[in-house]
Amino acid sequence: MNMLSSDAASTIIRVVIAGPLRGFFDYIIPPELQPFEWQPGVRLRVPFGRSSRCAILLESDVTSPFDRQKLKPIEAVLDQVPLLSGGDIAFLRWAANYYQHPLGDVLFTALPARLRRGEAPLHLGRKGWQLTAVGAVVELDQLSRAPKQRALMALFQEAGEALDREAVMAGCGESQAIIRTMLKRGWLEQCELPPLPLLPRHSSNELAPTLNTAQQQAVTQASEALGQFSCFLLDGVTGSGKTEVYLALIEMALQRGEQVLMLAPEIGLTPQLVQRIELRFSTVSVLLHSGLSDHERERAWQQAASGLARIVIGTRSSIFTPLPELGLIIVDEEHDASFKQQEGFRYSARDLAVVRAQREGCLLLLGSATPSLESLYNVERKRYQRLVLPERAGLAKPPKLSLIDVSNIRLDGGLSPQLKSAIRDTLDRDEQVMLFLNRRGYAPVITCHGCGWLSSCQRCDAHMTLHFDDGLLWCHHCGQQHRKPHKCPACGHSELIPLGQGTERLEEVLKQRFPDSPLLRFDRDNMRRKGSLEKMLKVIEANECSLLIGTQMLAKGHHFPGVTLVGIIDMDQGLFSADYRAAERMAQMVMQVAGRAGRAEKLGRVLIQTRHPDHPLLQILIREGYASFAAEALRERRETELPPFSYQVLLRAESTDGLQAMSFLEQAAQQAHQLSSQVEVLGPIPAPMERRAGKRRAQLLLQANSRALLQGLLAPWVVQLDKLKLARRVRWSIDVDPQEMV
Ligand code: ADP
Ligand code: ZN
Ligand code: ZN
């Protein structure tokens, strides 16, 4: 009888458990933890299988469809206050559902690493001391022989509240020893004080330039929408002053008491942007990116979540940062591929920014010199409003683009005679040259002069790149590395010849041809050490270096006023590809690279080496610019019914023999057919790179002309997929709105 009544009184709660688990789990609160009134968003520890796991509370007081007797009690409550708000949880649930990714994974990836593991949150607060009950009644006269203790005691008794180190310092000159004595005597105790806002909630320094007419118009138009959901595409050529528009709007949002979230591609690459924001606003701003330690990241996250930080600048995952007073989201370089996560939880931070802004009723600004076709189409459909900055700010003129036909030309280390003489002229004028080659290493493959052997990767359908500096052959797809062989592994011949160009080899050739010009190379191999980018940027700024070479790393966001010539060594990688987005990416890359040239008063030019100078899209881009290119590319997409005129989901699968992956996808295709006749099912076909890291890969594409149709199919389809026997034998994943077909 007793048992029953206590049982009936116990609360049932619903939680999400950390890990790749779809769905919810119900538990009961044991009597010793009652009364239970924690809010959704607190972490709990719950028994699961034979171990225990970290979980997040979704709802309390639920009616469970399960037998109450079978529900297990939770083990512990880990937080006093929720880590995620109801709004945060709803947003994450939306994302898990849209991308068909397990909620357990989605909720927990939104948390900093330590919190994900169930550890206690770091304290942001200051340490302080307060009087104990005993200390509060100590007579000061009692301490006349110990003047320092007396002074400290007087300070605390007069204050009547806890004091931090600064206050003690100011009151009587801090002395660790005296404080320790008083702690020992039981008069003082340590305590936690709330974090002190070190900086005002909003404040800007008077550094802003006077905005030009186009900038002013953009700011006015967008600012009218502050306080409600509205999405703007800020379309402005590189150097047109987009960042100034961001800064003006940030200032307005701060003044309204709102927090600002700014997403940028790979933040480590744009120290100049971060510096500009920090110089302009003396309020608390935090950075969130992968270069931070777990502690740094968590501190920044907590400052954002507690409202202490007013500006958050981060890479894609910061779209999930809790921001209680969010009023403005900016996505800089919105076309950038790094906003899409390509593994695990395959979300697009740019697209989620739209959803989040809508849910929270805030202003969203997507900025780019080369907007994605998706965003341009959304402007056409009147979903976004377009703000145009047609000209470079200040005195800078747009650079002149021209093609160099290299189809029948002997190249010297990848350089045509025309490009070489242009480099010579530029260097003679004491101006800087930037050469761009999107391939790191020395050469993409080596071959044997005797038998024609090629350095192929044993685990991938790919070649191994020669990295001369490290003496390695390296597969950029699976990471496999070998020492560079001294003789041919097939026939023993000693002459191994590097084929093609990488950045290391370009560096070598340029050093031979232009020995008097100091050179810097930017690529991932060179940038591994922290701070090396900042150091190199300083060298360039000081004009101590006249030749810059690099991969796409160099193309993003940096401002190099001294560069007047940009050379693109090999355009053709991007022109012909199985991926229908390749042309769009090629055009964006060209314009971004071109944007580095002539950003100051001097005129810049861009020379592009290609074997296909007549390629129609390349021609339009060079002659008429990005807007015309985009219009033409959009027209082609409309005709072929490709995104953004249709919606896609890619189901990928891989297995050791490839057969199981194929049959899994065939069964999946059948299920999809049965679920909907309006969704097109294409494939399965082998992946463009079929063999990778020792696995055979294949894919199935679903396409529909409405997002709702596709979404309607997804949820029941995934449930069925999960039940297939082969689902446990192959590795598979779902990619909603895939950006890459590889
Ligand atoms: P974007 O972000 O579009 O590439 P930036 O905002 O970085 O352009 O501006 C490019 C350069 O022009 C910067 O050096 C910036 O300080 C300068 N600039 C921007 N707006 C103005 C303005 N209204 N008056 C003078 N200089 C400006
Ligand atoms: Zn050989
Ligand atoms: Zn490989």
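Colleague: Which side chain does Arg581 meet in a salt bridge?

Modeller: That of Glu374, with N to O at 2.9 Å. A salt bridge here is a side-chain nitrogen of Lys or Arg within 4 Å of a carboxyl oxygen of Asp or Glu. Before you go on: this is a predicted model, where local features need pLDDT of at least 70, side-chain atom pairs count only at pLDDT 80 or more, and totals for chains, interfaces and linings use all residues. Residues are numbered from 1 along each chain as its sequence is written, chains are lettered from A and ligands numbered from 1 in the order in which they are written, and side-chain values use heavy atoms, with hydrogens and water left out.

Colleague: Fine. What are the domains?

Modeller: The domain assignment, automatic or from a database, gives domain 1 (2-116), domain 2 (126-193), domain 3 (213-389), domain 4 (400-443 + 500-636) and domain 5 (647-736).

Colleague: How many residues of domain 3 are in contact with domain 4?

Modeller: 21 residues of domain 3 contact 22 residues of domain 4, where contact means heavy atoms within 4.5 Å. The centres of domain 3 and domain 4, taken over C-alpha atoms, are 28 Å apart.

Colleague: And what area is buried between domain 3 and domain 4?

Modeller: About 1800 Å², with carbon and sulfur atoms giving 56% of it. That is the accessible area (1.4 Å probe) that two parts lose on being put together, summed over both. One salt bridge is found across the interface of domain 3 and domain 4.

Colleague: Metals next. What coordinates the zinc ion (ligand 3)?

Modeller: The SG atoms of Cys457, Cys460, Cys475 and Cys478, at 2.3 Å. Donors are N, O and S atoms within 2.8 Å of the metal (3.2 Å for Na, K and Ca); water is not among the atoms, so sites may look incomplete. The spacing of these donor residues in sequence is C-x2-C-x14-C-x2-C. Cys457 sits in the loop between β18 (445-448) and β19 (465-467), and Cys478 in the loop between β20 (472-474) and β21 (481-483), 21 residues apart. The strands (E, at least two residues) and helices (H or I, at least four) are DSSP runs numbered from the N terminus.

Colleague: Why is the arrangement around the zinc ion (ligand 3) called tetrahedral?

Modeller: Because its four donor atoms subtend angles of 106 to 114 degrees. The rule for four donors is that all angles lie between 85 and 135 degrees.

Colleague: Which residues are the protein donors of the zinc ion (ligand 2)?

Modeller: Cys448, Cys451, Cys488 and Cys491, each through SG, 2.3 to 2.4 Å from the ion. Their spacing is C-x2-C-x36-C-x2-C. The arrangement around the zinc ion (ligand 2) is tetrahedral because the angles run from 105 to 115 degrees.

Colleague: What does Arg691 pair with?

Modeller: Asp461, with the closest N and O atoms 3.3 Å apart. Arg691 lies in strand β28 (residues 680-692) and Asp461 in the loop between β18 and β19, so the pair ties together parts 230 residues apart in sequence. Asp461 is partly exposed, at 39% relative accessibility.

Colleague: Last one. Where is Met571, and what does it touch?

Modeller: Met571 is in the loop between β25 (563-568) and α18 (582-594). Met571 is buried, at 1% relative accessible area. Not counting residues up to four places away in sequence, Met571 touches Met586, Met589, Val590, Ile608, Gln609, Thr610 and Leu618.

Key. Four donors count as tetrahedral if all angles lie between 85 and 135 degrees; four count as square planar and six as octahedral if opposite donors are over 155 degrees apart and all others between 65 and 115; anything else is irregular. Buried means under 20% relative accessible area, exposed over 50%, partly exposed in between (1.4 Å probe, protein chains only).
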